[in-house]
Amino acid sequence: MKLSVLLADYLPEFGVTIKNEKEFETLGLVGSKTGGSKCTFIDSADFIENVPDDVVMVFTKEEYADMLLDEGRGVCITESPRLLFFKLHNAISQESFYARETFETQIGTRCSIS
């Protein structure tokens, strides 16, 4: 997926600056184990040192962009990285190209739900 295309199609009202754009497979939180390349958000410098290699695109604020670009990541600069990330996630979550395959829930015979 290309972030510039998704934002133009689903959230054109948001003005952003995209630098070093990279294609990604899914949206996910920094520490999530999604498999494949992902786009996430960082709104605090505390998380920059621990960004895993599978993160190729990052919604972030201007003050963190250069640090992420120096690591070879793509960035989407916005004043509200968390808000824009979740708005995009919600906008595409029902689309067939993004939604995960549904499956029937299975509960083991020796399990109880309280």
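## A walk through the fold

The protein exposes about 7400 Å², and carbon and sulfur atoms supply 47% of that area (areas come from the Shrake-Rupley method with a 1.4 Å probe, and for residues only the protein chains shown count as cover). What you're looking at is a predicted model, where local features need pLDDT of at least 70 and side-chain atom pairs count only at pLDDT 80 or more, while totals for chains, interfaces and linings use all residues. Residues are numbered from 1 along each chain as its sequence is written, and side-chain values use heavy atoms, with hydrogens and water left out.

Let's start with the overall layout. The protein's secondary structure comes to three helices and five strands, where helices (H or I, at least four residues) and strands (E, at least two) are DSSP runs numbered from the N terminus. The C-alpha trace spans about 55 × 30 × 25 Å along its principal axes. Of the 114 residues, 35% count as buried, meaning under 20% relative accessible area, with exposed being over 50% and partly exposed in between (1.4 Å probe, protein chains only). Now take the contacts (heavy atoms within 4.5 Å) between residues at least 6 apart in sequence: 41% of these join residues at least 24 apart.

So what's inside? In soluble globular proteins, nonpolar side chains tend to be buried together. Here, the largest nonpolar core has 17 residues, and those with the most contacts inside it are Leu3, Leu7, Phe24, Leu27, Cys39, Phe59 and Leu88. A core in this sense is a set of buried Ala, Val, Leu, Ile, Met, Phe, Trp, Tyr and Cys residues joined through side-chain atoms within 4.5 Å. The elements giving two or more residues to this core are α1 (3-10), β3, β4 (55-60) and α3. Its largest share, four residues, comes from α3. A second, separate core of 11 residues includes Val58, Ala65, Val75 and Ile77.

Back in the 17-residue core, have a look at Cys39. Not counting residues up to four places away in sequence, Cys39 touches Leu3, Phe24, Thr26, Leu27, Gly28, Met57, Phe59 and Phe85.

Phe85 brings us to the rings. The structure holds four aromatic pairs; rings of Phe, Tyr and Trp (its six-membered ring) pair if their centres lie within 6.5 Å, and planes under 30 degrees apart count as stacked, over 60 as edge-to-face and the rest as tilted. Phe41 and Phe85 make a tilted pair, 5.2 Å centre to centre with 50° between the planes. Phe41 sits in strand β3 and Phe85 in helix α3 (residues 81-92), so this pair ties together parts that are 44 residues apart in sequence. Both Phe41 and Phe85 are buried. Ring pairs also link Phe41, Phe59, Phe85 and Phe86 into a cluster.

Next, the loop between β2 (26-27) and β3 (38-42), where you'll find Gly28. Gly28 is buried, with a relative accessible area of 6%. Leaving aside neighbours within four places in sequence, Gly28 is in contact with Thr34, Lys38, Cys39, Thr40 and Phe85. Gly28 and Lys38 are 10 residues apart in sequence, and 6.2 Å apart in space from C-alpha to C-alpha. Ser37 also has its place in the loop between β2 and β3, and is buried with a relative accessible area of 17%. Its contacts, again leaving aside neighbours within four places, are Glu23, Phe24, Glu25, Thr26, Asp54 and Val56.
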